[in-house]
Every structure is written in C-alpha cells, then in structure tokens.
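Subject: Handover of a structure model and summary of findings

Dear colleague,

Please find below the structure that I am handing over to you.

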Amino acid sequence: IPEEDRLRRMAQTIRHRGPDDEGVLVAGSAGLAHRRLTIIDLSSAGHQPMSNEDGTVWIVYNGEVYNFPELREALRQPHQFRSHTDTEVLIHLYEEVGESMVDRLDGMFAFAILDTKRQRLFLARDPFGIKPLYYSWNAERFVFGSEIKPLLASGEVARDVDPAALNDYFDFHWIPAPRSIFREVRKLPHAHTLSIDLNRWEHQVRRYWRPQYQPETGRSAESWSDEIAETLNRSVRSQLISDVPLGTFLSGGIDSSLVTYYAAKNTSGRLKTFTIDFQESGASEGEHARFIAQQLQTDAVFRTLTEDSLANLASLAEYYDEPFADSSLLPTCAVSRVARESVTVTLSGDGGDELFTGYRSHQMAHRISRLDYLPTFLTAGLFGTLAALTGPDTRLHEWSRRFALPPTRRRASLLRLPGRSIRLDKLAPELREPTEARFWHLDQYENELRGVPPITQAQFYDMLLYLPNDILVKVDRASMASSLEARVPVLSRPIAELAFRIPESIRFDRQLQKPLLRRLVARHFGDRLARLPKHGFSIPQSRWMATAASPQQEAELLAGGAVRQGGLSADGIRRLFASIRHGSGRWRTDRTEELFALLVFHHWWNRYLA
C-alpha cells in the first residue's frame, strides 16, 4: 500500500515541473501524486489528483490538450464541470469513450487515470512524445513518473545500469525508447498507452497512432502551401490559450519565424520573443532573429551564450536523469531561463524539419537511393571490404559501412550510424554489444516502412526515433528545469497528417530544404530570408570542444568513477583526446561530439551513481 509521505517525497523530486501546487491521493492499493504548474484556470479548482463527480475516476496529468474547448462543449450535457481546465475534460472523456479517448486528443500529454470501479490504471503519452512518461514494473509493484527521479525516490527501483542502454548512449548520444539507462526503468514510447488490470496484475502496451504516407496528386505547391498556412495558423491560435504570460522562442530559422509570425498575428498586444545568440559569427542566426522581431514589432529579448556555459553541464545532469548529449541543450536551457523571467509559456518551432524535409540527411537519402538498384550482396561485399580497409576515424570508413547496409537500414543510418568502432573503443570489452545488436531500434519499424519512398522513409525514422528521443527530450527538460511550459504547434496530428498527404516530389527539393515552408517565409518576410541556408540551433561545438580537450580535462575524466567503476576504457579516452588535438581535417571525422558525450556521461555518473 502506498504511503502518503513516500508519494510526497517522490513528487518533490520534480517540483521544478510544478512549483505552484501539490496533491496526493491514496486509494486502496494505488497512490497518485502531482505537482502543478498553473496555466489554465488559476483557481484551486484545477488541483490534482482530480476526480469525476462521484470520486470513482482520478487523474494526474502533465501537458495541454488544445481542442479541449470543443470536447468540453460535447461533454457538457451529461456532465457537470467544476473547473475550466482541460484536466476535467480528460476525466469525463474517459468516462464516455474509455481508452479510445486518445484518438480524439490534439495536444501534448502524459497522464494516468485510476478507475476504482473497474480496478484499472490507464496511462497514455501523446503521438509525438512531447511529454515524457517513465515506469517500472515487476510482479509486486508498478511505479511511474514524468521523470526518472520519482521512481528512484520511491525506494522500489534500483540504480543498476542497463549495459544495452549504455551501448545505445555511446552510439547515438541519447537512449531510444523503451530503454532507459537504468535496467528496471522503461519509457512508455510516444503514441502508446499502457493499461493495467489491478486485480489480475496484468499490463498491456498498445500503439494508437503512426504516421502514414497517403499522397494526394493533382495539386500545386502553392495550393499545398496555402493549406499548410491555414493549418499552422489554426494550430498556433489554439496553443495561445493561456491564463498566464506567453511568448515564443525565436532562433531566426524558418520554423520559429513562422510560429512567431502566426503567434503575433493572433495576439492583441506585443508578443514577447526570446533569442540566444553566440559570439562566434558563424554559429549565430541572431541577425535574422532581429530582422523578424523588427518586422513583427515583438517585445524581443536577446542573450549571448559563451563557452563558459559548458560549466553548466554538471548542474544540468540533475534535470536530464539519463546521459543526454545533444549539445544544443545548452542554448535551449539558456533561452528557457531567460524566457521564464517574464513568461510561463512559450511556443517553439520544433518539428518542421522532420515533417517538411529540413535535414541534409533527407537530401542524402535521395542521393543514396540510387544504390537501391544494386543487389544487396554486391553493395554489402564491395563497401564492407572498403570499410574494413579504412581507419575508423575516417569519413570513408563511415560512409562505406553505411553503403554496405540493406536499403532501409542505409536510410535509417543517416540518423546515426550504429555500431561504430569508436563506440567499441570507449567501452570496456565486457560491456560491448556486437554491431548487429545495435540495429534493434531500427528493426522495430523496418517492416512498416517497406514500400514508403526513400525521403519519406528517412523522415519517418526521424519522427519515430530522433524527434521523441532527442529533440523533444531536450526541449522538455530544458524548459521544465525553469518551470516553463514549451508548446510545439508544428507537432499536431492535423499538420503531421497534412505533411504526409503531400507527394514527396512537392514536399522535397534537391537543392532547398523545406521548400513549402520557405514559400510561406517568402510571403511574410521576403525572398532573402526564405533562401537562407539552414543553420540549426547549436553551439560552435568544434571550437568549444577543442578548447575543452585539455590535459586537465582528460585527467579529470580518467580519474572519475565512470572510468574506474563505470566500464569506460581509459585507453579509448586517451585516443579520443589525442585525435581531437590532432584535428579533423578534410578526410578525418570530427570527434568533438564524442568528447561532449563523454563530459555529459562523466557528470551524469557523478550525480546518479557516485
């Protein structure tokens, strides 16, 4: 039976996610705890855990459902509402349609519903994985939370590292769901539900949504751009609903500029925008962000991020729970801290690259699709031999290994090539998984992507793996660390379903990324901004990490517990530092990203396992 004090202790570990209120419920053998960040209906009527009228159905919920006003109107007749929250709408929707409720929701969410009559616990996560949900299950107990910290604080979950997840981390620099760095902890994947029969102690995980390519022919690019504009405007407008101050992240890129345009268009006063700049001119889009802010007359805030921000990696380990090495977490955390000084909610532009062909890998997927016409045994033999003859630090080795793969894996590997020799070099021999085992996360989607054309296939891998396990993890943890809610209007089901109704020949351009979104930028801001090359929201990593590859930093890593007890290879670390000091050059791989991943792992180990 859950203890109230234990539940409060678990909830306290994620106080940053909800500093405004706390609630605990013990109902028989089940217990729920919640921390609230007040966004809609600031009164105590929004307190959670929240119940239906007779107290038989309870919910704890993190997120926002943007179509809740329409759902509320449809539910008004059979139910009496006591608040103006979307939380109460979820309770009554569950009462009416049960677990199929997830098919009617447009939003970002992770929630758990306790049905005391039916003795069931129902958990769900949004289609894209914007909001996180972790759990641990065994024959005696089930524990879940928005982060891993509450699970560890329960006293029921061990901190044993999962060797397979450790291999994942050093392959990808993030850990794909459903694995986590801890053996006993799992992530509920995006677009999935988990149902538990509390009497029989049985659970079932079900996937309820997936992207599908269903192209509609006979329409022009201009016509498709018009529909994107209407759908995106509608999505942004629905996500402006808030009883607290709201703004946007404005990087100066295509996606954030469009989100900011539609937000400004639908806001009565001056919209607040927040931008992080860099001293290094080649790493900054600040000039473009200033132009957008001036055009839209926003109340703009700019901050400059310097190399000193690397010192924040130790403290950020507290919020990410797992080792997570996307270096853009640093500017994302910085812009979140700045935004929280004046707003509680922001809108970001994430998702445009995945839906509308915004990555260089999408162009590369088109180029390498020519290899599909060759027999697999020929590409595997020819390029496999070439990979064996070249050094692991060279680009030729990496591309040879990629070309040797079957077509679907070849495209998936554009996201990240698993099983590289550099992973094997960093891990102790007893922890190294064979290269073939490294494709497990690709294999789970391979069958459903057969028959999908090459570029769309690469996009699907981005949506299914990169977006929920990297981009959205970064934004959620960075924003919630500052008690800031980050909404993602591009990632709505209507926009995703629209994107994959557009034929690949129109959605994709060989020379220009995101051609349809660039049409909208040209309409609103002119051709010059529309034709700027994609930059990305990232630190000047090569320069900063070259400075960080000092003898002092190398000595600190070698003396740390991650090497002495965590299974990292001291010789591999020495070789990495030597390689970075030698420089990347034209044919050598830039390995500074690996050093960033090592620094992150070192700080994570010190926070969670030392």
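In this message, a residue is called buried when its relative accessible area is under 20%, exposed when over 50%, and partly exposed in between (1.4 Å probe, protein chains only). Please note that the model is predicted: local features need pLDDT of at least 70, side-chain atom pairs count only at pLDDT 80 or more, and totals for chains, interfaces and linings use all residues. Residues are numbered from 1 along each chain as its sequence is written, and side-chain values use heavy atoms, with hydrogens and water left out.

Helix 18 and what follows

Helices (H or I, at least four residues) and strands (E, at least two) are DSSP runs, numbered from the N terminus. Gln457 belongs to helix 18, which spans residues 454–480. Its relative accessible area is 2%, so Gln457 is buried. Between the C-alpha atoms of Gln457 and Thr408 the distance is 7.8 Å, although 49 residues separate the two in sequence. Ser483 sits in the loop between helix 18 and strand 16 (485–487). Ser483 is also buried, because its relative accessible area is 11%.

Backbone features

Most residues other than glycine have a negative phi, and most peptide bonds are trans. Ser483 has a positive phi of about 55° without being a glycine. Gln119, likewise not a glycine, has a positive phi near 55°. Gln119 lies in the loop between strand 5 (107–115) and strand 6 (120–125), and it is partly exposed, with a relative accessible area of 25%.

Two cis peptide bonds may also be noted. One joins Gln48 and Pro49, with omega at about 0°; Pro49 is placed in the loop between strand 2 (30–36) and strand 3. Another runs from Ala177 to Pro178, with omega near 10°, and Pro178 is placed in the loop between helix 5 (163–172) and strand 9 (186–187).

Salt bridges

Side chains of opposite charge can pair when their charged atoms come close. A salt bridge is taken here as a side-chain nitrogen of Lys or Arg within 4 Å of a carboxyl oxygen of Asp or Glu. By this rule there are 42 salt bridges.

Glu184 and Arg141 form a salt bridge whose closest N and O atoms are 3.3 Å apart. Glu184 is in the loop between helix 5 and strand 9, and Arg141 is in the loop between strand 7 (134–137) and strand 8 (142–145), so this pair ties together parts that are 43 residues apart in sequence. Glu184 is partly exposed at 31% relative accessibility, whereas Arg141 is buried at 11%.

Asp255 and Lys514 form a salt bridge with closest N and O atoms 2.9 Å apart. Asp255 lies in helix 7 (residues 254–265) and Lys514 in the loop between helix 20 (504–507) and helix 21 (515–525), so the pair ties together parts that are 259 residues apart in sequence. Asp255 is buried, with a relative accessible area of 10%, and Lys514 is buried at 4%.

Aromatic pairs

Rings of Phe, Tyr and Trp (its six-membered ring) are paired if their centres lie within 6.5 Å; planes under 30 degrees apart count as stacked, over 60 as edge-to-face and the rest as tilted. The count by this rule is 27 aromatic pairs. One of them is the stacked pair of Tyr320 and Phe324, at 5.2 Å centre to centre and 10° between the planes. Both Tyr320 and Phe324 are buried. Ring pairs also link Tyr169, Phe170, Phe182, Phe601, Trp604, Trp605 and Tyr608 into a cluster.

Surface patch

Patches consist of residues with over 30% relative accessible area and no salt bridge; like charges are joined within 9 Å, and nonpolar side chains (Val, Leu, Ile, Met, Phe, Trp, Tyr) within 5 Å. Accessible areas come from the Shrake-Rupley method with a 1.4 Å probe, and for residues only the protein chains shown count as cover. Leu374, Phe377 and Leu378 make a nonpolar surface patch of about 320 Å². Phe377 is placed in helix 13 (residues 376–389) and counts as exposed, at 66% relative accessibility.

Yours sincerely
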